[in-house]
Amino acid sequence: MLHLGSRPAFYSSGSGEPENTKGQSLEPSLTPQNFLQYVRKLTGLKSEHVFCNLRVPNQHQTAKDDINIIILTGQGVFCLDLKPWRGTVSAHKRVWHVQLRQEDQGLPKTCIEQEDDPVQAITTKTVNLCHHLKRSGVCVQQRLFIPRVVFLSPDCELDEELRKRKELVSHDQVDPFLASFRESYVEWVSDALTPSWFSGHQSYRQMEAVRAVLGRVGTWDLVQLRGGEQLRGDYQGCPYVALDRQETGTLEFSSAKTLSPDLLWALLGHAPQVTVRMYKRGARGWLGKTLTASATIPSATLVLFKLSGEDTEAKIPASIIHSITLSI
């Protein structure tokens, strides 16, 4: 089995400075960005059984919260919340403290950050996922929905009380936790032949039904900028462009590169323009993507986009956007 200290391909070790002089571990940390790759590597699960950043509606369907990782196995539906915290973690009712000791000009310094209870948060999201599946016609026992909070950094230490909680997976427990998903051939055959009410596991039929619903759950919209940068969040709209999200999967933005009537108008003082092409969701013809509509807009038009984790809308000029991929 792979061990945490021997996997440089899946870890980010930072600046390479001797962090142990500051009381920190030399062992590199997992990051949320490469954890998904590591899960697939260690568990051996197929990609269709591991989902990333799905946004599940609450019970009132008034808002959506994303779950970092969802792992679907015969044992259940595991919902993981990833925490890259560093320092000593303790719980004080609904408020958790993350205490980090550092040195400032040779003097010890303690920084304490307050965080909302992550167990309560992932438990609520897990319950919401269970109800979403039921609304979608898939009935799985609620006890098979299992919330976990995974701490990615070796420099994160849980206090004694927190280490007793089964919902928490510390850094040194990541390998055994993921290895537990490797089910034996006998267990897989048992799940296939034994009714779920008898085995206590999900049947193949249930797993396929759950997978089908999860495959339709949306994630964040993605904006690809011309410089290569990517932004995740919610596309709010663009003046002069009307679309149906259920039908449209991608918007591509392009400006004139040759001498054209649009460019001649620009030389005469008129605003340059951008062409927005809209392509049908999931549909591909023998010549490629299926174009559903197009629009020509001023390049200075601002596209409204709410970044993930932010409360305010960003306004992005159409001229610097390469494409927008819309989630379901």
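Reply: Let's take D221 and what it touches. Leaving out residues up to four places away in sequence, D221 is in contact with L231, R232, G233, D234, Y235, R245, F305, T325, L326 and S327. Keep in mind that this is a predicted model. D221 sits in strand β10, which covers residues 221-225. Its relative accessible area is 0%, and the cut-off for buried is under 20%, so D221 is buried.

For another buried spot, go to L214. L214 belongs to helix α7, residues 204-214, and it counts as buried because its relative accessibility is 2%. Beyond its neighbours within four places in sequence, L214 is in contact with F51, L54, I70 and L129. There is also H49: the two residues are 165 apart along the chain, yet the C-alpha atoms of L214 and H49 are separated by 9.4 Å.

An α-helix has 3.6 residues a turn, so residues three or four places apart point the same way. Helix α2 itself has 18 residues, 118-135, and its first and last C-alpha atoms are 26 Å apart, close to the 26 Å expected at 1.5 Å a residue. At the start of α2, a side-chain oxygen of D117 comes to within 2.9 Å of the backbone nitrogen of V119. Just after α2, G137 has a positive phi of about 90°.

Most residues other than glycine have a negative phi. N53 is placed in strand β1, residues 50-57, and counts as partly exposed because its relative accessibility is 21%. K93 is another non-glycine with a positive phi, about 60°. K93 is in the loop between β4 (87-92) and β5 (95-104), and at 80% relative accessibility it counts as exposed.

Now zoom out to the whole chain. The protein chain has eight helices and 17 strands. Of its 328 residues, 42% are buried; D221 and L214 are two of the residues that count as buried. If you take the contacts between residues at least 6 apart in sequence, 59% of them join residues at least 24 apart. The chain exposes about 18500 Å², with carbon and sulfur atoms supplying 51% of that area.

Last, a word on confidence, before you build anything on this. The chain averages a pLDDT of 82, and 78% of the residues score at least 70. Residues 1-23 are the stretch to flag: pLDDT stays under 50 there, although the model has 39 contacts beyond four places in sequence for those residues.

Conventions
Residues are numbered from 1 along each chain as its sequence is written. Side-chain values use heavy atoms; hydrogens and water are left out. pLDDT is the predictor's confidence in each residue, from 0 to 100. Contact means heavy atoms within 4.5 Å. Helices (H or I, at least four residues) and strands (E, at least two) are DSSP runs, numbered from the N terminus. Buried means under 20% relative accessible area, exposed over 50%, partly exposed in between (1.4 Å probe, protein chains only). The expected span of a helix is 1.5 Å times one less than its number of residues. A polar contact is a pair of N or O atoms within 3.5 Å; within protein, one must be able to donate a hydrogen and the other to accept it, and residues adjacent in sequence count only if both atoms are side-chain atoms. Accessible areas come from the Shrake-Rupley method with a 1.4 Å probe; for residues, only the protein chains shown count as cover.
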